[in-house]
Amino acid sequence: MEERPFPKDPWYCVALIVLGVLGLTAACVWLAFRFNTVWLAGVPFLVVCGIMVCRFRRCPVCDQKLSPRRQFLGDPWDTRFRIVLDCERCQIAWKTEVVGDSKFDEMSAGD
Ligand SMILES: [Zn+2]
């Protein structure tokens, strides 16, 4: 499987997302005060977060759904890993900037 870096959004896309989230937050707060309900404020916010996560998990080439997996960095004793998104159709492994540590997974699971 070919490895490629996951393309980053151009700055105006990031700016639009940030503005969108800020605007949505303001709208949610206004809705919550206007109708005096908290759940009404949370629902649109969750929907947008869901859309953003779905968008992130799409192949930039064929728009197919990607399956995330962990790719451990370097040495076998190194617990750090990178999130890689596999596209079955293109046979491309998209390397993201998201890096985690399985050491912390075990710690949080042990609590
Ligand atoms: Zn693809």
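Two strands count as paired if DSSP finds at least two bridges between them. Strands here are DSSP runs of E at least two residues long, and helices are runs of H or I of at least four, all numbered from the N terminus. With that in hand, here's the sheet: four strands in an open arrangement, ordered S1-S4-S3-S2, with mixed pairing.

A quick word on the source: this is a predicted model, where local features need pLDDT of at least 70 and side-chain atom pairs count only at pLDDT 80 or more, while totals for chains, interfaces and linings use all residues. Residue numbers start from 1 along each chain as its sequence is written.

**The sheet**
- S1 (2-5) and S2 sit at the edges with a single partner strand each, so one side of each has no neighbour in the sheet.
- From one strand to the next, the twist averages 40°, using axes fitted as lines to C-alpha atoms (for helices, over the stretch in contact) and angles from 0 to 180 degrees between N-to-C directions.

**Who pairs with whom**
- S2 (residues 67-72) and S3 (residues 80-87) run antiparallel to each other, joined over six bridges.
- Within that pair, Arg70 bridges to Ile83 in S3, and Gln71 bridges to Arg82.
- S3 also pairs with S4 (residues 92-101), again in the antiparallel sense, over seven bridges.
- Cys87 has Ile92 of S4 as its bridge partner.
- Four residues lie between the strands in the S3 and S4 hairpin, where Gln91 takes a positive phi near 60°.

**The nonpolar core**
- A nonpolar core here means buried Ala, Val, Leu, Ile, Met, Phe, Trp, Tyr and Cys residues joined through C-beta atoms within 7 Å.
- The largest one has five residues: Leu66, Leu85, Cys87, Ile92 and Trp94.
- S3 and S4 are the elements that give two or more residues to this core.
- Beyond its neighbours within four places in sequence, Trp94 is in contact (C-beta atoms, placed from the backbone, within 7 Å) with Arg4, Phe6, Leu66, Val84, Leu85 and Cys87.

**A look at Phe81**
- Phe81 is found in S3, and it counts as partly exposed because it has 17 C-beta neighbours inside 10 Å.
- For reference, buried takes 20 or more other C-beta atoms within 10 Å of a residue's own, exposed means 12 or fewer, and partly exposed is in between, with C-beta atoms placed from the backbone.
- Setting aside residues up to four places away in sequence, Phe81 touches Arg70, Gln71, Phe72, Leu73, Gly100 and Ser102.
- Phe81 and Val99 are 18 residues apart in sequence, with 5.6 Å from C-alpha to C-alpha.

How values were computed: Contact = placed C-beta atoms within 7 Å.
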